[in-house]
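Please keep the structure open beside them as you read.

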Amino acid sequence: MPVALECISLTKSYGDMVAVNAIDQKFEAGTYACLLGPSGCGKSSTLRMIAGHEMVTSGDIILGSDNITDVAPAKRETSMMFQNYALFPHLSVLDNVAFSLKVRGIDKATRYKEAEKLLDLVDMGSYRDRLPSQLSGGQQQRVALARALVTKPSLLLLDEPLSALDPFLRIRMRTELKRLQRELGITFIHVTHSQDEALALADLVIVMNEGKIEQAGSAREIFNQPKTEFVARFIGGHNVLLQTDGKHAIRADKIAITKSAGEGTVAAQVSAIEFLGTTVSVSMEAGDLGEIVASVSENSFFDDAYDVGEKVHVGWEAQDLHKLAG
């Protein structure tokens, strides 16, 4: 597939602090990519540099075949949807969506026609005359999305667009985002600190830490084959085990718990139990191995339940261990 965007040695410094440290990354056209990482890892600074809202300290941003590193935001074929939606409170839904077309000098009839198309796309056509204050959080998000898309960008940038929504609506809206991205066929780059969000949405997950890219790959690759201890721990669902030949990661659902010792098992003591619906998360202290967390199906746990403080044994299959770099 053609490359929609490429970051080459992209760096952002604030005085002596390096927020983004010479990252290299290609984004294929039509990809839904997520920049994932903890607060302060450089993901939002990266997004803002791509949008043109932050000056690049060094490096280049190539959009298609054009170097846009120093191009003004309004002249890039990009559009950004902000975390707080940034809707104009005094303008109707329709005028909010049409605003950027108005700035470009497009006549009223044409810009309203385009705005109405986008409002229909996000199921907000019937709210065209309302003010933002008359909308729910999810409705405001849809309007902000329509406004970002009305200029027909080749690249849509989303800065934690779901963080202000309640959990139920967040799941619903991420389904809508993925549907829209597929229907429109444009490249989305979405910043999030939520592992679940990135795994559910992205064709390409880019895990960042301390201004650098720790790993980039498909959601399945990132989850099943983390390259570093940071990725294994941040993505969640993994245990990091120190063995004689280095550090290994194993998924929590690959850990077996028994009440009696068996070949290759390790003694442990249950330290916490969390019921999560279809699964139960069991935390255990396992001596030199440290804490081990197992994810057990609801039925198997309650068929032979154990309590906090109880002595158990844990084991795993050798092929389920994944060796980490470093």
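1. Let me start with a group of rings: Phe275, Phe301, Phe302 and Tyr306 come together as one aromatic cluster. Do bear in mind that this is a predicted model.

2. How many aromatic pairs are there? The count comes to 6 aromatic pairs. Among them is Tyr32 with Phe188, whose ring centres are 5.2 Å apart with 50° between the planes, a tilted arrangement. Tyr32 and Phe188 are both buried.

3. Next, please look at Phe230 and Phe234. Their ring centres lie 5.6 Å apart, and the pair counts as stacked because the planes meet at 10°, which falls under the 30 degrees cut-off for stacking. The two residues share helix H8 (residues 229-235), and since Phe230 and Phe234 are 4 residues apart there, about one helical turn separates them.

4. Are Phe230 and Phe234 buried or partly exposed? Phe230 has a relative accessible area of 22%, so this residue is partly exposed. Phe234 has a relative accessible area of 15% and is therefore buried. The two values fall on either side of the cut-off, as buried means under 20%.

5. Finally, a ring with a charge for a neighbour: the charged end of Arg111 sits over the ring of Tyr112, at 5.9 Å from the ring centre.

Note on methods. Residues numbered from 1 in each chain as written. Predicted model: local features only at pLDDT ≥ 70, side-chain atom pairs only at ≥ 80, totals over all residues. Heavy atoms only, no water. Phe/Tyr/Trp six-rings, centres within 6.5 Å; stacked < 30°, edge-to-face > 60°. Buried < 20%, exposed > 50% of the residue type's maximum accessible area, 1.4 Å probe, protein only. Lys NZ or Arg CZ within 6 Å of the ring centre and 35° of its normal.
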